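Have the viewer open as you read.

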Amino acid sequence: MSDHNSSTILRLQKVKKYFPVKRDLLQQIMRVGEQQYVHAVDGVSFEIEQGKVFGLVGESGSGKSTTGRLAVGLLEPTEGEVIFEDVHLNNLSGEELRKMRRYMQVIFQDPMASMNPRMSLGEGVGHGLKIHRLVNSQQEFRHRVSEIFEKVGLTPGDAYFDRYPHQISGGQRQRAVIARALVMQPKLILADEPIAMADVSVKAILLDLMVQLQREFGLTYLFITHDLATAKYICDRIAIMYLGEIIEVGDIRTVYTNPKHPYTEALLAAVPVPDPRFRRPAPMPRGEIPNAINPPSGCRFHPRCPIAQDICKTEHPRLLDVPGQAGHMAACHFRTGDYIHLDPGPLINMNVAMAE
Amino acid sequence: MSLFQVVPDHSQVNKQEIILSIRDLSVEYQTRRGVLSAIDTLSLDLYKGEVLGLVGESGSGKSTLGKAIMRMIPSPGRITKGQLIFKNQDLMAYDENQMRDVRGKQISMIFQDPMTSLNPVQRIDNHIIEAIRVHEPNISKDEALARSESLMERLGIGRRRLKEYPHQLSGGMRQRVMIGLALALKANIIIADEATTSLDVIVEAQFLDLLRELKEEFGLTILLVTHNIGIVAELADRVAVMYAGRLAEVANVDELFHNPKHPYTQGLLRSVPNIAIDSQDLYRMDGTPPNLVMPPSGCRFHPRCPHVMDICHQKQPWLVRVDEIGEGDEQVGGYDKHLASCWLHQEYQGATQARRY
């Protein structure tokens, strides 16, 4: 994974996605009440470098999956730009976008739900090849698909071609879903919780397979997960989301060893460590992630933040560079920006926690 | 033991008093393809005041064991043999009426999704009051309300929220209500079956902190059923590892994580991403968990085992002591004992002397 070809493959610029909330029956009949919106994604910007793994991490309701769908053109943004290899996805017609999709493949969490149970594995996995007319004969089709099966460890590939999704194990199904993405020779793969459903012993194998394929084919992943330990294993860069916003972004090592946003600190500290000699640093922030219909004013994390002050209730912090750390940005008044002199210090001393 | 820097705190555990003793328990499911052996002749003791982590992958039988203790195995499954000795009584001999008194009041269960355990059209306070009064008919409604209010206050759920319905609470709050129900009935044992799995990581950490405090405050005995070994490391005093319906290994939490004896435990521990380790090399375990309609012969782990020997195909290994056996220390089982079922270890102890626990 050398850096000689470091060019941006995907760029999101101030992307927003609001979903209308259905009004209740009485409001509909009376035609009263204001139309409300879920601010699922609210002004997200980031760039992914070609050949890297970019992680998008957050709790449920943070908007990470919606951001992922926006990034590969599965959803249209309410506002903002999604630029894939210098092409603005918003400007494309349906047909143009469909052609583009070949290069942006998706792996979802539940492999059973991702596959057509009535299609054989071979036909299902290779379906895209036929849709995009990338093969000329059934023989070539079968050959291409079998080849990919072997790449993902379904060997012998030809033997899996005629089997059906229900005839293989969950781990094998997820391999087939990975094969389906790969067979299109994509440039970018959106992997949305790709290993969350797998068993512990199978997770490691799938994770390793994804790393190996990424290196072999020079793939770029947008890797969405709620598991920070998994993110640490696979990602080069990471963005932490909270209530539709990115609150911190940076190289994985920098963010994990030197988190700037109090939410990132808490998130990292909350991860259970599989070692009983390790003591998790306490305390945790209070409460849970609020709903995204009426997000809190100012900094959206302020109601739960242990270091919040009055300024946090009124002023919205921007995502700004962390002084002296290239490529590391955070959105906290006290850690970046104008109020850095008021920083009460780290919430949790991560280094002490790690050493114990 | 001097090797260990931090010895887990077992101070709350009564190492003499076994509150629940599972003896030679088997659970089978009748399926179209044949009999599925979900739990095979399993014996395990639960000590008063301990948190026993029960770990395994899906299909290992860990959830089945939790349900079997409550005698709530859904048809077509059934307990085919064994005893469940609870307070010197065999629960297997109880009739449905007696079991109803055990369930909830003496042994409580918390599931992954609390929404399915709570009545959606009943207010939270009525839930708790009703549960208290079903099991303690002499208590007045006001007394029951007072008890539930003070309990829920302790769990961080204010009086106002008690008047709400389950769907109005967040996932973390619902899970705290479930704990509250168990505490209100003064349950002896709480079985938490993947109770934190649907919670977000910060809420999960809050819940684990709460469980730890409650355990000390109320002297709770908890059977923590989970696939997440991080949670076990954090909360458990002892750990039992299940594989394909049998126990692979039982040890105190520090022993299990730092001196695992069974190849399955060893593989499992090394295949989990650890946020506290830099540039980790994950272990890739071969194969997948077996089909329990036709389980592998001998040791059920042998098709995936990196140390497999001839005998592993032929004979089932016993669950035996694998720690140092001192003089006059011949008692079987026991809180501090490290047990594993693997031929690698029966060998050096001498298979004839190996005793089954």
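At roughly what angle do the axes of helix α4 and helix α6 of chain B cross? In this predicted model, the axes of α4 (residues 141–154) and α6 (residues 171–184) of chain B cross at roughly 130° and come within 10 Å. Since angles over 145 degrees would count as roughly antiparallel and 65 to 115 as roughly perpendicular, α4(B) and α6(B) are therefore oblique to each other. Their crossing is right-handed. On the α4(B) side the meeting residues are B:Arg147, B:Ser148, B:Leu151 and B:Met152, and on the α6(B) side they are B:Gly180, B:Leu183 and B:Ala184.

Helix α6(B) has another helix to meet. The axes of α3 (residues 124–135) of chain B and α6(B) come within 9 Å, crossing at roughly 25°. An angle under 35 degrees counts as roughly parallel, which makes α3(B) roughly parallel to α6(B). The crossing of α3(B) with α6(B) is right-handed.

| Helix pair | Axes come within | Crossing angle |
|---|---|---|
| α4(B) and α6(B) | 10 Å | roughly 130° |
| α3(B) and α6(B) | 9 Å | roughly 25° |

Now for the strands of chain B. Four of them make an open sheet with antiparallel pairing, in the order β2-β1-β4-β5. The edges are held by β2 (34–47) and β5 (89–90) of chain B; each has a single partner strand, so one side of each lacks a neighbour in the sheet. Two bridges link β4 (residues 77–86) of chain B with β5(B) in the antiparallel sense, and B:Ile85 has B:Asp90 in β5(B) as its bridge partner. Helix α1 (residues 62–69) of chain B lies across β1 (18–31), β2 and β4 of chain B, at about 70° to β2(B).

Chain A also has an open sheet of four strands, in the order β2-β1-β4-β5 and with antiparallel pairing. At its edges stand β2 (37–49) and β5 (87–88) of chain A, each with a single partner strand, so one side of each is without a neighbour in the sheet. Within this sheet, β1 (residues 8–20) and β4 (residues 79–84) of chain A run antiparallel and are joined by five bridges. A:Lys16 finds its bridge partner in β4(A) at A:Glu79.

What about chain A as a whole? Chain A holds 14 helices and twelve strands. Its radius of gyration is 22 Å, close to the 21 Å that the globule rule gives for 356 residues, so chain A is as compact as a globular protein of that length. Along the principal axes, the C-alpha atoms of chain A fill a box of roughly 70 × 60 × 40 Å.

Finally, how many residues of chain A are in contact with chain B? There are 36, and they touch 41 residues of chain B. The elements of chain A giving two or more residues to this side are α9 (200–217), α10 (228–234) and α12 (262–270). Helix α9(A) supplies the largest share, seven residues. The side of chain A that touches chain B divides into 22 nonpolar, six polar and eight charged residues.

Definitions and conventions. Residues numbered from 1 in each chain as written. Chains lettered and ligands numbered in written order. Predicted model: local features only at pLDDT ≥ 70, side-chain atom pairs only at ≥ 80, totals over all residues. Pairing = 2+ DSSP bridges. Axes fitted to C-alpha atoms, helices over the stretch in contact; angles between N-to-C directions. Left-handed = near helix turned anticlockwise from the far one by under 90°. Contact = placed C-beta atoms within 7 Å. Nonpolar A, V, L, I, M, F, W, Y, C, P; charged D, E, K, R; others polar. Rg over C-alpha atoms; globule rule 2.2 N^0.38 Å.
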